[in-house]
Amino acid sequence: MDSIRWGILGTGAIAHAFSEGLSFTPDAKLTAVGSRRMETAQKFGDKYDIPNRHDSYEALATDPDIDVIYIATPHMFHRDNAILCLTHGKAVLCEKAFTINAAEAAEVISLAREKRLFLMEAMWTRFQPLVVKLRKMLQDGLIGDVRMMTADLGFKFDFDPKSRIFDPALGGGALLDIGIYPLAMAYMIFGAPEKIKSMAILGSTGVDEQETIILGYSGGEIATLYASTQVHTPKEVILIGTKGRIRLHAPIYRPTGMTIQLTDEEDQHLDSGLEGNGYNYEAAEVMNCMRSGQLESAIMPLDETLEIMRTMDALRNQWGFAYPNE
């Protein structure tokens, strides 16, 4: 494939950010956009010079001029949107959180594997230059055995019971929207936890607005994670090993720098090395995988996406919180 043709499903803020990211990826061709209204699709298409504009998601999914579809809708609709695209033979990059729960995630993954189509959760943090360097440093044992980590992400959102953040019907809550970043970081560092402890504050609409999560591992490692829609947090990651520490500077989802503190040595500072807005890196991963015939990414594998969703299910079960129709 000389270039890979993209379709965008949804026209919200994240769809704009991803479309801008594609402009930094020379071998990506933004070919189509689908919205629930033609007026919105036309406006979005005009902004990014997209030739094919559709007034329904089904019309986008059946467009013969696209190879892969980026799903940019709220979490509650990811399962149906992904199944629609996969059913019509399109590869899929689906925004996080991948679905509402593990049962939905398993259904989507099963369909992609049955149809032998590429599928990946859009965990863009995994592909940021500093995070790629971090994995190599840990693999090389730069700070020894990593024993502890802390990670957080929080924003002070203005309360609106009908907004995506606070409405349970739209998959609201801190965990699925922003808590997934610290959680996915812990999975990248330590893998699946053996023990899960947590506490959450449920707001007036019933969704989680603030939580603390402690994950324990078979080797004795501990991860402490925080997420909030009530306050701004540092938005950082700190890894503590037997030979030193690494701090990923805010924001956790697209680190701007890294500080390495080795025992009895001067601190080392690295900048982000970022090109583009950061979304281009996950797009490049999708295209590299598709060109090489891979059906999933080794960096963000589907089994890990499913395990993360199972952990989030376990957390919400501890809080006594379920989404409508679960």
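Helix H6 spans residues 129-139, and its buried residues are Pro129, Leu130, Val131, Leu134 and Met137. The model described here is predicted. Just after H6, Gly141 has a positive phi of about 75°.

The aromatic rings come next. The structure contains ten aromatic pairs. One of them joins Phe18 and Tyr70, and this pair is stacked. It links distant parts of the chain: Phe18 lies in helix H1 (residues 13-22) and Tyr70 in strand E4 (residues 68-71), 52 residues apart. Both Phe18 and Tyr70 are buried.

Another pair is made by Phe321 and Tyr323. Their planes stand at 65°, over the 60 degrees required, so the pair counts as edge-to-face. Phe321 counts as buried because its relative accessibility is 9%, and buried means under 20%. Tyr323 is buried as well, with a relative accessible area of 3%.

The table sets out the geometry of these two pairs.

| Pair | Centre to centre | Angle between planes | Arrangement |
|---|---|---|---|
| Phe18 and Tyr70 | 3.9 Å | 15° | stacked |
| Phe321 and Tyr323 | 4.8 Å | 65° | edge-to-face |

Elsewhere, ring pairs link Trp124, Tyr181, Tyr253 and Tyr279 into a cluster. A ring can also meet a charge: the charged end of Lys235 sits over the ring of Phe155, 4.7 Å from the ring centre.

Key:
Residues are numbered from 1 along each chain as its sequence is written. This is a predicted model: local features need pLDDT of at least 70, side-chain atom pairs count only at pLDDT 80 or more; totals for chains, interfaces and linings use all residues. Side-chain values use heavy atoms; hydrogens and water are left out. Buried means under 20% relative accessible area, exposed over 50%, partly exposed in between (1.4 Å probe, protein chains only). Helices (H or I, at least four residues) and strands (E, at least two) are DSSP runs, numbered from the N terminus. Rings of Phe, Tyr and Trp (its six-membered ring) pair if their centres lie within 6.5 Å; planes under 30 degrees apart count as stacked, over 60 as edge-to-face and the rest as tilted. A charge sits over a ring if NZ of Lys or CZ of Arg is within 6 Å of the ring centre and within 35 degrees of the ring normal.
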